[in-house]
Amino acid sequence: MKSIHLEFIKKSYNESAIIENLNLTVPSGAFFALLGPSGCGKTTLLRLIAGFEKVEAGRILLGDEDITNLPIHKRKVNTVFQNYALFPHLNVFENVAYSLTIRKIPQDVIKKKVTSIIKAVHLEEHIFKSIRQLSGGQKQRVALARAMVNDPEVLLLDEPLAALDLKLRERMLIELIDLQNILKTTFIYVTHDQFEALTVADYIALMNHDGKIEQIGTPKEIYEFPISTFVAKFIGSTNIFQGTLQLQNNEVRLEVPKLGSFLVMVQEKKKWMLDGVTAFMSLRPEKILLSIGVREGFANRSAGIVESIVYHGRSTQYNIRLKNNFLVQVFEQNEEHFEKEVVDYNDEVQLYWQKENVILLER
Amino acid sequence: MNIFKQCKQYFFEDLPFFFSMPAIVWEVIFFCIPIICIVGISFIKNWDVSAFSGITLFHYIKLFQPIYLKIIVRSFLLAIWTSFLCLMFGYPLAYYLACKASQSIRNILLFFLILPLWTNFLTLIYAWYFVLEKHGLINDILLSLGLISAPLVMLHSLFAISIVTFYCYLPFMILPIYVILEKLDRTLVDASQDLGANMRQTFLRIIFPLSIPGVLTGFLLVFVPAFGEFAIPLFIGGDKYMFTGSLIEHYFLIARNSSMGAAVTSLSCLLVLVVTLFLRWSIKKKFSYIEGRK
């Protein structure tokens, strides 16, 4: 396992730069997720690391070695492709053994290595089957085994689970984590699915539409402390309020037009946090308490009308229309420990939240 | 009324079958029945007299005389040699067209590749006649450049025949290979290189094996007509070399011995069939995925 350093990377298609001045460090042995909307350049970044595309400027380091100009087949980096890219004329064993056969490794060693990796991905029964006879999930495992058998320093995964159904995807995610724990290889996992990234990754790098990295952090950091409204909106659901910042007697408040001012807790004071500037606050739907009656002990309160109720099974989503015509999402856990008050359409309700539940954002 | 409805239902349930009927009927009337007749005729002593003259294996036995065997083997070798030449020259071009050429170059080259097919086959052969003849294009150029002092004799040789056959059938080799290579999933090439194979290994282990169906189609499209080729030996080869095609023509049209002609025809068909089946079988054994492709 080795780390990957990208330094001042530039790449453009048809003379428009999709990645410019990008710097990124993937720590060795990490399960690193590259997350971003479609077309943000995350797959391009992966293809640059693998060598399928050439960088226009910048350096790529694998450990301490500069691999910027190394041809694809000499990089100790392997890829799991989105459409698996299994060789249709070879069977499962031959597909997995491909990289070893190329390196002219003795047959008995190949057999041992391939058998053990095929066991690790639970395909023992299918070892001599043709690729056509496999299901989507099995093909995915073959692709994984084929890329892993060569003991790469870094494994690149390009939306590997995109074609699988939800249940299978959840299972494969767990298996991927287990596999990474055993093999200790550095994984770089490209996805547009925030759920996958939150599940598997040690670190997440979130890319925006301009091909820039917006934020890097652990899943919890990214979810709980987003640095911009883009991050807050991309990871999970949130309610964003725009308002004017007010700093008075050690209190930070956000004055939202036609709605009132809300108390905000600020962990550390940033340079941009000045009295009177425009700012945003992000309030996660699950951090809001919804009630018809009066509740004590909350720092903030707002009133609204229930516009719609969506039942999700484990939680219920309420869409509340506030006084300023803003629609707020609220999630209530359906834990059913005690009898709850009944909230129905068109009821006037109160929303409560603490000042610690809010993240204050510059943009 | 009910029956009409049912017929209508059957019709729409199996539309492809109904629409293939004209072609099937055509094939049966103008291909299957004539072939059966030809095979039948080859066993009749003398078809060209009005009375039935009895059944015999005589024509086939006669065909195994060295003089006839030589003609059949010569045709066979010409067909194999032409197919081989077409493959050797056609594959790189097909590969270049499908994998390397830019869109505009590809279109231009494909246009020139297909252009000869718009021209009548005989016109093409005559054109070659004027290129190769004693006072033809090549000799004129070489003479005026002073590279040779006397015209080269190129016509009426096996070399000339194979050059012209190669020229005429080259597109039929290139096009099927091009189609297969063009459709080839590029991520397989990426994957192969990603797994440590260089371009040469990727070609030998991935690209070429996956293009075998195209090579097979091209081979058959060249081999089968080249085996029965009759116009090229006639115009380019003069009467110096007999080929199977010319032999068949000779028996049917000149010697008026239809039974003998039918025997040559049947034997050629059998030979082509055997080669085709052998190729299919040997490739199916090695590349079993081809058959199952849907």
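Q: What makes helix 9 of chain B pass helix 10 of chain B in a right-handed crossing?
A: Helix 9 of chain B passes helix 10 of chain B in a right-handed crossing. A crossing is right-handed if the near helix is turned clockwise from the far one by less than a right angle, and left-handed if anticlockwise.

Q: How do you know how far local features of this model count?
A: This is a predicted model, in which local features need pLDDT of at least 70 and side-chain atom pairs count only at pLDDT 80 or more, while totals for chains, interfaces and linings use all residues. Residues are numbered from 1 along each chain as its sequence is written, and chains are lettered from A and ligands numbered from 1 in the order in which they are written.

Q: Why are helix 9 of chain B and helix 10 of chain B called oblique to each other?
A: Helix 9 (residues 186–194) and helix 10 (residues 199–227) of chain B pack at about 140 degrees, with their axes 10 Å apart. Such angles run from 0 to 180 degrees between N-to-C directions, and axes are lines fitted to C-alpha atoms, for helices over the stretch in contact. Angles under 35 degrees count as roughly parallel, over 145 as roughly antiparallel, 65 to 115 as roughly perpendicular and the rest as oblique. The two helices of chain B are therefore oblique to each other. Helices here are DSSP runs (H or I, at least four residues), as are strands (E, at least two), numbered from the N terminus.

Q: Which residues of helix 9 of chain B meet helix 10 of chain B?
A: Leu188(B), Val189(B), Ser192(B) and Gln193(B) in helix 9 of chain B meet Thr202(B), Arg205(B), Ile206(B) and Ile207(B) in helix 10 of chain B. By class, this contact has 4 nonpolar, 3 polar and 1 charged residues. Two residues are in contact if their C-beta atoms, placed from the backbone, lie within 7 Å. Ala, Val, Leu, Ile, Met, Phe, Trp, Tyr, Cys and Pro count as nonpolar, Asp, Glu, Lys and Arg as charged, and the others, Gly among them, as polar.

Q: What makes helix 6 of chain B oblique to helix 8 of chain B?
A: Helix 6 (residues 121–132) and helix 8 (residues 158–183) of chain B pack at an angle of about 140 degrees, their axes 11 Å apart. That makes helix 6 of chain B oblique to helix 8 of chain B. Helix 6 of chain B passes helix 8 of chain B in a right-handed crossing.

Q: What is the class make-up of the contact of helix 6 of chain B with helix 8 of chain B?
A: Phe121(B), Leu124(B), Ile125(B), Trp128(B) and Leu132(B) in helix 6 of chain B meet Ala160(B), Val164(B), Tyr167(B) and Cys168(B) in helix 8 of chain B. These residues divide into 9 nonpolar, no polar and no charged.

Q: Why do strand 6 and strand 10 of chain A stand at the edges?
A: An open sheet of 6 strands in chain A has the order 6-7-8-3-9-10, with mixed pairing. Strand 6 (77–80) and strand 10 (213–217) of chain A each have a single partner strand, so one side of each is left without a neighbour in the sheet. Neighbouring strands of this sheet are turned by 15 degrees against each other on average, direction ignored.

Q: How do you know that strand 9 of chain A and strand 10 of chain A pair?
A: Two strands pair if DSSP finds at least two bridges between them. Strand 9 (residues 203–207) and strand 10 of chain A pair in the antiparallel sense over 4 bridges. Ala205(A) stands opposite Ile216(A) in strand 10 of chain A.

Q: What makes strand 15 and strand 18 of chain A edge strands?
A: In chain A, 5 strands form an open sheet in the order 15-19-16-17-18, and the pairing is antiparallel. Strand 15 and strand 18 (327–333) of chain A each pair on one side only.

Q: What joins strand 15 of chain A to strand 19 of chain A?
A: Strand 15 (residues 289–291) and strand 19 (residues 348–353) of chain A run antiparallel and are joined by 3 bridges. In strand 19 of chain A, Tyr352(A) is the bridge partner of Leu289(A). Strand 16 (residues 300–311) of chain A is joined to strand 19 of chain A by 6 bridges.
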